[in-house]
Amino acid sequence: MSDFPRTPPRYSATFTPAVNAEIRRAAATGIYDIRGGGTKRHLPHFDDLLFLGASISRYPLEGYREKCTTDVWLGTRHAKKPIHLDIPVTIAGMSFGALSGPAKEALGRGASAAGTSTTTGDGGMTEEERGHSKTLVYQYLPSRYGMNPDDLRRADAIEVVVGQGAKPGGGGMLLGQKISDRVANMRNLPKGIDQRSACRHPDWTGPDDLEIKILELREITDWEKPIYVKVGGARPYYDTALAVKAGADVVVLDGMQGGTAATQDVFIEHVGMPILACIPLAVKALQDLGMHRKVQLIVSGGIRSGADVAKAMALGADAVAIGTAALIALGDNDPRWEEEYKKLGTTADAYDDWHEGKDPAGITTQDPELYKRFDPVLGGRRLKNYLKVMTLEAQTIARACGKNSLHNLEPEDLCSLTIEAAAMAGVPLAGTSWIPGRGGNF
Amino acid sequence: MQTFDLSAQGLRALNSSLHALRGQTTNMTSWEIINPRGAHAIAAGVDAPVEITVRGSTGYYCAGMNKQATIRIAGSAGPGVAENMMSGTVIIDGDASQYAGATGRGGLLVIKGNASSRCGISMKGIDIVVHGNIGHMSAFMAQSGNLVVLGDAGEALGDSLYEARLFVRGSVKTLGTDCIEKEMRPEHYEALEQLLRRGEADGKAKPEQFRRYGSARKLYTFNIDNASAY
């Protein structure tokens with residue numbers, strides 16, 4: 001043996017240990033990886049933006065003295081009964097099936113206490129959620145599981161789901177472990193099968209058909225309900241424009257950080273665009289059509305804090321929706337269950353095998369032994385607290401920018417820390433007037 | 001008989017009048033809609049035990065989500081007729097366009113002529129009787145209910161279907177993935193006889209002339225060995 005120093009082991013930046021582990025897993029099993037949640041890769045995000053607080057050129061509002069309104073109207077374009085929410089943070093669609101009944105109840109409790117809405121999902125409307133949600137948005141999905149005119153009429157709004165950020169172009173998936181008797185009955189499926197939802201609606205294709213479909217839904221509900229159209233963040237300019245053309249009251253735009261109950265990891269990580277890149281394009285589509293603030297824009301995908309809310313609204317959104325963050329507020333991925341996460345081969349804050357139905361926190365499961373661990377009253381209280389904090393944080397920032405309403409935040413209140421985020425968000429790189437692709441000085 | 005001139009009075013007034021019958025005890029149980037002129041969403045969302053006759057052809061989604069009503073179209077129907085029907089009966093004297101009876105959860109849809117592609121797509125309990133032929137991809141992902149076809153079926157019948165029962169008297173161009181021919185047992189002959197009678201087709205065909213198709217159930221649980229079938 002030579003005494004000369006040896007070259008230390010060096011990992012490939014391309015074939016990292018994680019990449020190699022996935023190759024080995026694929027080779028051993030012959031099937032792609034399925035998981036829940038949203039993308040885990042690093043992406044340009046709201047963290048790359050900063051607010052420019054007031055100084056001489058603008059003056060701020062007193063934090064605890066002067067009003068900063070947070071309420072929002074949704075569905076004012078056509079609906080006889082538009083929705084009025086106290087805060088602009090809504091709960092995104094998550095299915096009964098993916099979530100337990102008590103978890104849906106907790107979402108309703110928390111959202112109602114905070115003055116906002118919840119949304120059903122790919123499994124129909126449950127009594128838990130309708131009963132505890134003051135304002136409930138009923139999703140109209142390609143699968144049409146549980147779809148019926150009575151639930152349409154007792155909803156407060158209808159959301160036509162064309163796509164979602166975690167998997168634009170893909171359908172839902174609920175594996176057999178979670179198709180309990182109740183879930184199977186609601187979906188009219190055999191118990192225990194791997195359920196695959198269609199990726200397209202069964203009775204319309206394209207924007208011209210969508211316009212007629214929206215007409216039908218309006219007729220069935222006597223033009224009372226706001227009609228949302230939800231799209232995954234892939235071509236937000238055209239999708240927003242076409243949704244408006246089809247007659248939507250509200251466009252819901254979900255970036256690739258948005259979660260899913262289950263789909264292929266390769267789909268989650270490689271399809272779609274970050275929400276930061278989506279919002280300005282959707283806003284531009286609305287502005288080009290003269291419909292900004294007339295057709296409301298709800299954005300979602302990686303919203304975590306009041307800062308994220310404020311940044312999304314400064315870019316032109318009317319409201320945001322949260323899904324993953326709401327589950328964490330309820331208790332999902334909590335370190336208190338670490339011992340059980342370890343038994344599942346994972347760890348708290350990384351658990352994403354929601355499709356297996358073994359959630360130690362009792363939230364993403366249909367196993368009665370697990371979901372009885374979850375207290376919907378306590379969960380609802382935690383969600384309410386979290387929503388209140390987000391709202392207070394957003395107000396704090398808005399007042400610092402001299403705004404007496406969250407809706408008065410504007411792109412001019414922002415700068416970017418990175419060139420990428422500056423280009424995507426359409427705000428200047430910090431310390432410059434340069435917006436990549438739009439001119440200005442570096 | 002309530003006669004409603006759709007071209008003169010408009011769609012909103014029509015559906016508003018029909019929806020007003022929900023939960024009411026009324027003697028206005030017989031309605032006639034004239035001059036439909038291919039309008040969309042005619043009699044969508046009706047929830048009352050009334051009889052409605054549409055004199056002419058309809059556009060998209062006529063009788064959508066129907067409950068209780070008996071709706072007869074004295075003409076042909078556009079796409080999505082009786083989509084997501086819950087109960088009641090819809091009868092089309094002519095032909096039906098795409099997606100007839102899509103996602104229907106109950107009731108009976110009778111098509112006296114032919115039905116285009118995707119008839120009974122994602123059906124969830126509805127019974128559909130087609131006197132003529134049906135187009136391609138019919139009963140795609142059909143979950144439950146019965147589809148009876150007196151004529152021929154197009155390509156990919158019953159692709160990825162679940163527990164719906166398909167009865168075809170004529171030829172089937174191709175079967176979709178996971179759809180196979182199944183044995184006709186006594187209970188199927190009995191069910192078919194009732195369906196033909198309810199579908200105003202008992203004089204046109206006999207149960208023993210039909211073949212039954214259903215799910216092979218090989219795609220119910222993902223198996224990598226079946227990946228090429230998806």
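**Close-up 1. The crossing of α10(A) and α14(A) is right-handed.** Right-handed here has the near helix turned clockwise from the far one by less than a right angle, left-handed anticlockwise. The model is predicted, so to speak: local features need pLDDT of at least 70, side-chain atom pairs count only at pLDDT 80 or more, and totals for chains, interfaces and linings use all residues. Residues are numbered from 1 along each chain as its sequence is written, with chains lettered from A and ligands numbered from 1 in the order in which they are written. Helix α10 spans residues 306-314 of chain A and helix α14 residues 376-400 of chain A; they pack at about 55°, with axes 7 Å apart. That angle makes α10(A) oblique to α14(A) (under 35 degrees would be roughly parallel, over 145 roughly antiparallel, 65 to 115 roughly perpendicular, and the rest is oblique). Axes are lines fitted to C-alpha atoms, for helices over the stretch in contact, and angles run from 0 to 180 degrees between N-to-C directions. On the α10(A) side, the contact uses Gly306(A), Ala307(A), Val309(A) and Ala310(A); among the α14(A) partners are Val389(A), Leu392(A) and Ile397(A). Contact means C-beta atoms, placed from the backbone, within 7 Å. The residues of this contact split into nine nonpolar, two polar and one charged.

**Close-up 2. An open sheet of eight strands in chain A, with parallel pairing.** The order reads β5-β15-β14-β12-β11-β8-β7-β6. At the edges sit β5 (89-91) and β6 (117-119) of chain A, each pairing on one side only. Neighbouring strands are turned by 30° against each other on average, direction ignored. Two strands count as paired if DSSP finds at least two bridges between them. β5(A) meets β15 (residues 319-322) of chain A over three bridges in the parallel sense, and Val89(A) has Val320(A) as its bridge partner there. Helix α6 (residues 206-220) of chain A packs on the sheet and touches β7, β8 and β11 of chain A, its direction making about 145° with that of β11(A).

**Close-up 3. Strand β12(A), residues 250-254, is mostly covered.** Five bridges join β12(A) to β11 (residues 227-232) of chain A, and the two run parallel. Asp254(A) is the bridge partner of Gly232(A).

**Close-up 4. Helix α7(A), residues 236-246, lies across β11 and β12 of chain A.** The helix runs at about 155° to β12(A). Eight of the 11 residues of α7(A) are buried, including Pro236(A), Asp239(A), Leu242(A) and Val244(A). The cover includes α6, β11, β12 and α9 (275-288) of chain A. Just after the helix, Gly247(A) takes a positive phi of about 110°.

**Close-up 5. Where chain B touches chain A.** Here 36 residues of chain B are in contact with 21 residues of chain A. On chain B, α2 (11-19) and β7 (124-130) each supply at least two residues, and α2(B) gives the most, with four. The chain B side divides into 16 nonpolar, 14 polar and six charged residues.

Terms used:
Two residues are in contact if their C-beta atoms, placed from the backbone, lie within 7 Å. Ala, Val, Leu, Ile, Met, Phe, Trp, Tyr, Cys and Pro count as nonpolar, Asp, Glu, Lys and Arg as charged, and the others, Gly among them, as polar. A residue is buried if 20 or more other C-beta atoms lie within 10 Å of its own, exposed if 12 or fewer, and partly exposed in between; C-beta atoms are placed from the backbone.
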